[in-house]
Amino acid sequence: MDLRKVKKLIELVEESGIAELEVKSGEEAIRIVRPGGRGKAAEEPAEAPAPVAVPSPTPRKRRTTINAPMAGTFYAAPSPGAAAFVHLGSQVSVGDVLCIIESMKMMNEVPSEAAGQVVEILATDGEPVGSGQALFRIE
């Protein structure tokens, strides 16, 4: 069963106040029971569980993958012998050129779609890349 569906079912139980919910789909089944076994509709009011402090998770940095917009040859620098546009750890802004892809004798710059730090370079200079292939990860 899909995790999103399970979460929705849990929310349904919490919002509706029902004590128990069981759902079967083919060979899969899930049973959700509220703590205390009683819901809002029970004749005797159930004691509300004491609130529990849950530490908030540390926010994860958003990771963006930059993919090749077309098939061609990946070049990390503007010309042979020149410095690469970016290296691991480089800070980039939206629109900064990350590389060039040569396709049909045309040099096409690939701009960054996100601001952040280059944490992975997934293509090799001078090697062919396919359309949609992951080239960089930016965090």
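Colleague: What pLDDT does the protein average?
Modeller: The average is 82, and 80% of the residues score at least 70; pLDDT is the predictor's confidence in each residue, from 0 to 100. Over residues 39–44 the pLDDT is below 50. Where pLDDT is low, the predicted coordinates should not be read in detail.

Colleague: OK, new topic. How many helices and strands are there in the protein?
Modeller: One helix and ten strands. These are DSSP runs, numbered from the N terminus: helices are H or I with at least four residues, strands are E with at least two. The order from the N terminus is α-β-β-β-β-β-β-β-β-β-β.

Colleague: How do strand 6 and strand 7 pair?
Modeller: In the antiparallel sense, over six bridges; strands pair if DSSP finds at least two bridges between them. They form a hairpin with two residues between them, and M104 in the turn has a positive phi of about 55°. C99 stands opposite V110 in strand 7.

Colleague: And which residues have the most contacts inside the largest nonpolar core?
Modeller: F74, L98, C99, I101, V129, L135 and F136, in a core of 16 residues. A nonpolar core is a set of buried Ala, Val, Leu, Ile, Met, Phe, Trp, Tyr and Cys residues joined through side-chain atoms within 4.5 Å. Buried means under 20% relative accessible area, exposed over 50%, and partly exposed in between (1.4 Å probe, protein chains only). Strand 6 (97–103) and strand 10 (134–138) each give two or more residues to this core.

Colleague: Which other core is there?
Modeller: Another one, of six residues, lies apart from it, and includes V6, V13, L21 and I32.

Colleague: Last one: where is I121?
Modeller: I121 is in strand 8 (residues 116–121). Leaving out residues up to four places away in sequence, I121 touches V86, H87, L88, L135 and F136, where contact means heavy atoms within 4.5 Å.

Colleague: Why does I121 count as partly exposed?
Modeller: Because its relative accessibility is 33%.

Definitions and conventions. Residues numbered from 1 in each chain as written. Heavy atoms only, no water.
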